[in-house]
Amino acid sequence: MSGIFALVDCNNFYVSCERVFDPKLVGQPVVVLSNNDGCVVSRSNEAKELGIKMGVPEFEIHELLQDRGVHVCSSNYALYGDMSRRVMATLSDFTPDVEIYSIDEAFLNLSGFGRSDLSGYGRRMKATVEQWTGIPVSIGIARTKTLAKLAAHIAKGSEKAEGVLNLIESLYQDRALEHTEVGEVWGVGRNYARLLRERGIQNALQLRDADDFFVKKHMGVSGLKMVRELRGISCYSLESAPPPKKGITVSRSFKTAIETLEQLEEAVANYVSVAAGKLRKERAAAGALTLFLRTNRFKKTGVYANSHTTDLPVPTSDTSELIRYAHEGLRKIYREGFRYKKAGVMMHDLIPENRIQSDLFDRVDRTRSGKLMRTLDDINAAMGPGTLKYAATGVDPNPRWKTVAEKRSPSYTTNWGQLPEVS
DNA sequence: TCTGGGGTCCTAGGACCC
DNA sequence: TCTGGGGTCCTAGGACCC
């Protein structure tokens, strides 16, 4: 008995979240920008029709945005995270077998539902999610994850599908593959798409029927799995419990370059605080820490990029200890006279916190530090992030390194002080 | 002038060992 | 002049994803 997968994909997710709380945006061209209002990361259909591409820098289309009256939002990740939880919770009411694949996508295992009326079931899910959360979704149903992805992609673009496409036992399956450009297939990025087109493989049907030896040679075992999935042979199962993280990174670009060690130290202390909090949420400790910084990656002159990795004597998730190591690393690679545009910190060699083994010469009181971190996390969870923080993270409410979001929507769902007012 | 952030997996090649 | 053959581990880089 082979499985049945559904992929539920939120349409234009960030834009759709903004529209839930500002219905004036419905039917209008809308874009959401990345940190520092840098690049387009989400577009409404109307914005796509204006030719606005994913990932373009805002400054390149500034005039177009103004001339065409495009509504521009800074990104509001607290809002999107909260909306995502609501969508996922709604899906969980339909089946317990949910894999949260990303902030705006989930795979569902529908194997237990027979084959009777999967499309109808999909349409009910779609209607319920929209009714309960306000977020429009597209749903693809198929024998493998890769085919479900492909089906959802077609469902999104087709009027006739009305947002749900079931490819199981579908006479339409070959035509669906034929009408899907090879670059749209899950696992085919820019480089593979170019290579495949050069070899005359233009669409998903041709890729499905490609020679195994050729695929293995140029795209490795993942390529082979992908092709088998297109053939209806499932190679990827549903992962309902997320596997433990292997690394945690926190990094930011600065809107305007910063030059002094002091400012970098402050920025880095903030990134470490966030990363350490994520570590503790994972119930993990880091065995190594990498600090990195760089100048503007789009400039040819005044270039400097470097990183420094510290192997920690004892794995830890203690904020102040990690800040110390990060600052040591920073001082080792900092060079005066450069205009820094980005810095960040990576935690790796993660282990579960209950498997920490302290060494003979460890001078840190780990029981005490663990208690302190729990207290800090509890207070910040109750009173809001940043209520309690380390002096090294700075006191200036608007430091040079802080990300800019000129057009941020209020935190409607997560901040009591910013609930929408009824007038 | 202005260009995001955070992940995973696979592979090739070098170091090292017996 | 001749100069083994595997195996494992690690790392860097490339590909992909959202």
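This is a predicted model: local features need pLDDT of at least 70, side-chain atom pairs count only at pLDDT 80 or more; totals for chains, interfaces and linings use all residues.
**Stop 1: the core**

Start with Phe254, Leu264 and Met347. These residues have the most contacts inside the largest nonpolar core, which has 34 residues. Now colour the elements around them. Strand S9 (248-258), helix H11 (261-281), strand S10 (284-295), helix H12 (319-333) and strand S12 (340-348) each give two or more residues to this core. Keep H11 highlighted. Ten core residues come from H11, the largest share.

Next, centre on Met347 and show what surrounds it. Setting aside residues up to four places away in sequence, Met347 touches Lys246, Gly247, Ile248, Val272, Ala275, Leu279, Ala286, Ala288, Leu289 and Leu322.

**Stop 2: DNA strand B**

Select DNA strand B and the protein residues around it. There are 21 of them, and Thr249, Ser251, Ser253, Arg297 and Lys341 come nearest. Then look at the DNA side of the contact.

You will find seven nonpolar, eight polar and six charged residues.

- Ser253: a polar backbone atom is 2.5 Å from a phosphate oxygen of DNA strand B.
- Arg297: an N or O atom in its side chain is 2.7 Å from a phosphate oxygen of DNA strand B.
- Val221: a backbone N or O atom lies 3.2 Å from a phosphate oxygen of DNA strand B.

**Stop 3: Tyr14**

Move to helix H1 (residues 13-21) and select Tyr14, which lies in it. Is Tyr14 buried or exposed? Its relative accessible area is 15%, so Tyr14 counts as buried, the cut-off being under 20%.

Show its surroundings. Apart from neighbours within four places in sequence, Tyr14 is in contact with Val32, Val41, Ser42, Tyr77, Tyr80 and Ile103.

Finish with one distance. Pick the C-alpha atoms of Tyr14 and Ser84: the two residues are 70 residues apart in sequence and 9.9 Å apart in space.

Note on methods. Residues are numbered from 1 along each chain as its sequence is written. Chains are lettered from A and ligands numbered from 1 in the order in which they are written. Side-chain values use heavy atoms; hydrogens and water are left out. A nonpolar core is a set of buried Ala, Val, Leu, Ile, Met, Phe, Trp, Tyr and Cys residues joined through side-chain atoms within 4.5 Å. Buried means under 20% relative accessible area, exposed over 50%, partly exposed in between (1.4 Å probe, protein chains only). Helices (H or I, at least four residues) and strands (E, at least two) are DSSP runs, numbered from the N terminus. Contact means heavy atoms within 4.5 Å. A residue is near a molecule or strand if one of its heavy atoms lies within 4 Å of it. A polar contact is a pair of N or O atoms within 3.5 Å; within protein, one must be able to donate a hydrogen and the other to accept it, and residues adjacent in sequence count only if both atoms are side-chain atoms. Ala, Val, Leu, Ile, Met, Phe, Trp, Tyr, Cys and Pro count as nonpolar, Asp, Glu, Lys and Arg as charged, and the others, Gly among them, as polar.
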